[in-house]
Amino acid sequence: KRKIIVFIGLAVSSPTLVFSGPLDDAPSKTQENKSVTSDTKTKSVISVPLPSEYPIDPLKSDAYPSSKADKPGIRFGSFMVSPEISVTGMYDDNIYATRSREVEDFITSITPAVSIKSDWEKHSLNFWAGLSGDMYHSNSNENVVDHWVETEGRYDISNKTNVYAGIGLSRYHEDRTTLDAPNRTFEAGERTRYWQTNGHLGAFHQFDDVSVRLGTTYEHLNFDNVPTFGGGIINMNDRDRKQYSAGGRVSYKVSPKYVAFAQAATDNRRYDQSGVGRDSDGYSVAAGMGVDFGGNNRAEAYIGHMKQNYKNSGLTDVSKPYFGAEAKFATGPNTYVSANLSRDLDETVITGASSSLDTTIWGRVDHDVSQNLSLNGRLSYTRSKYQGIDRNENYLGAGFGAKYFIAKDFYLAGDYQLL
C-alpha cells in the first residue's frame, strides 16, 4: 500500500516555550501520533517506567531530572504552565490505505494542549491535558476527536532516594494503516476508537556508583464496536485487555563515560472476555551498556531474551532474542543525527497467530538552517513476523519537514510523509 501525507501547520505556544521535532514521530504500525501515544499495540515492558521527567526506555540513564532552569512556560505560583494550540492542514492521497481505488481528502486538525509542571526544589507534581480533532472535508465519517489527561508525581525521600507514581486516561483512535486485521480495517465505516487507562508506581535509589529502581505498570484498553459501510457492526470486544508488569533495573557506573545495566520485568496480559483465549504470561531480561561522549553525543545498546507463554494450547508460545540500540550525535554545530533499533512483542487478533514480533529501525536528521528555520528528515522500517502462522508484514516510512518561527511564540510547520 502507498500513502502520501502532506502537512502544513501553524502553532501558538506559551512564551519562552520552544518546540522541537516534526508534526509526528517515525512511522510505525499505527501512524496517528498524538502528544501522549496512540499505539494500541501492547508492548513487552522490559524497562520499568518512571515519570516522564525520567527516561522510560531501557536505553536511558538513571539521572535525576534537569534543573528548574530548563522548565519554560508561564509562571503560576510554584508551577510552570505551558499552553499550546496548533492548526494543521493535511492532504492524504489514500485515506483508507488501500491498494486500489484510492480515496483522497483534505483534513483540518486542531490540537489545543497544556502541561503544568511544578517548580520546586524537592519533589515534583505534573499534569498534562489536551485534545486533537481531525475534520475531513469530503469524508466526514473519518472525523475523530482524541483527548487525554495525565498526572504524575515524585516524592524525594533524600537526594539519592525517591518514590514516584502516575495515572492517565485517554481517548484515542486507530489509523487506517493498522493492518493487524485488514478485513475489520477496510470494512469499517469509521476509524476504531478506544479508551486507554494506565498507571505506574516505583522507587529509585542511588548507591554511589550503583543505582537500583523497582516499579510496576498497568494498562487497560477498551475498544468501541465499529459500524460497517454496509450498516452492520464489527464487534471489537475481543480486543479489550489489560497488561500488568513488574520489574527492576540495576545500573553500574563503570567510568564517567560508561554505564552498564541489567534489568528484568514480567509481562502478564489478560483479555476482558474469558472466551477469547489469548491470555498469556511472560518475562523479558536484558543487559546493556551506555556511553556518554558529552554534550548531545551518546550511544547505548542492550541484548537479552523475551518469552511469552499462552494459556491456549492452540497458540504458539514465543521465545526470542530481545535487543535494542540507540545513538544520538551532533555532527556539527547545527546538525543532529539520531537512530534507533528495537524489538517488541505485540498483540494481534489474526486467527491462528499468537502475536506479532516487530523489529523496527529508524533514523532521523535535524538541521538548524538559522535561528528561525529548522529542517528534518526521517526514515523507518518495521518487519512484523506473526507467530504461529506464515505471515509477515513490512512497513516502510519516509518523510521530511520544516519549521519556521514567525515570532517567538508562533511557528509555521510543513511535513511530507510517504508510508
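Buried residues, those under 20% relative accessible area with a 1.4 Å probe and protein chains only, make up 47% of the 419 residues in the chain. The model is predicted: local features need pLDDT of at least 70, side-chain atom pairs count only at pLDDT 80 or more, and totals for chains, interfaces and linings use all residues. Residues are numbered from 1 along each chain as its sequence is written, and side-chain values use heavy atoms, without hydrogens and water.

Contact means heavy atoms within 4.5 Å. Of the contacts between residues at least 6 apart in sequence, 61% join residues at least 24 apart.

Two strands pair if DSSP finds at least two bridges between them.

| Pair | Sense | Bridges |
|---|---|---|
| E3 (residues 79–92) and E4 (residues 105–118) | antiparallel | 14 bridges |
| E4 and E5 (residues 124–136) | antiparallel | nine bridges |

Lys117 in E4 is the bridge partner of Met80. Lys117 also stands opposite Asn126 in E5. The hairpin of E4 and E5 has five residues between the strands. There, His123 takes a positive phi near 65°.

**Ser342**

Ser342 lies in strand E17 (residues 335–346). Is Ser342 buried or exposed? Its relative accessible area is 18%, so Ser342 is buried. Leaving aside neighbours within four places in sequence, Ser342 is in contact with Phe323, Gly324, Asp358, Thr359 and Thr360.

Conventions. Helix = DSSP H or I, 4+ residues; strand = E, 2+ residues; numbered from the N terminus. Buried < 20%, exposed > 50% of the residue type's maximum accessible area, 1.4 Å probe, protein only.
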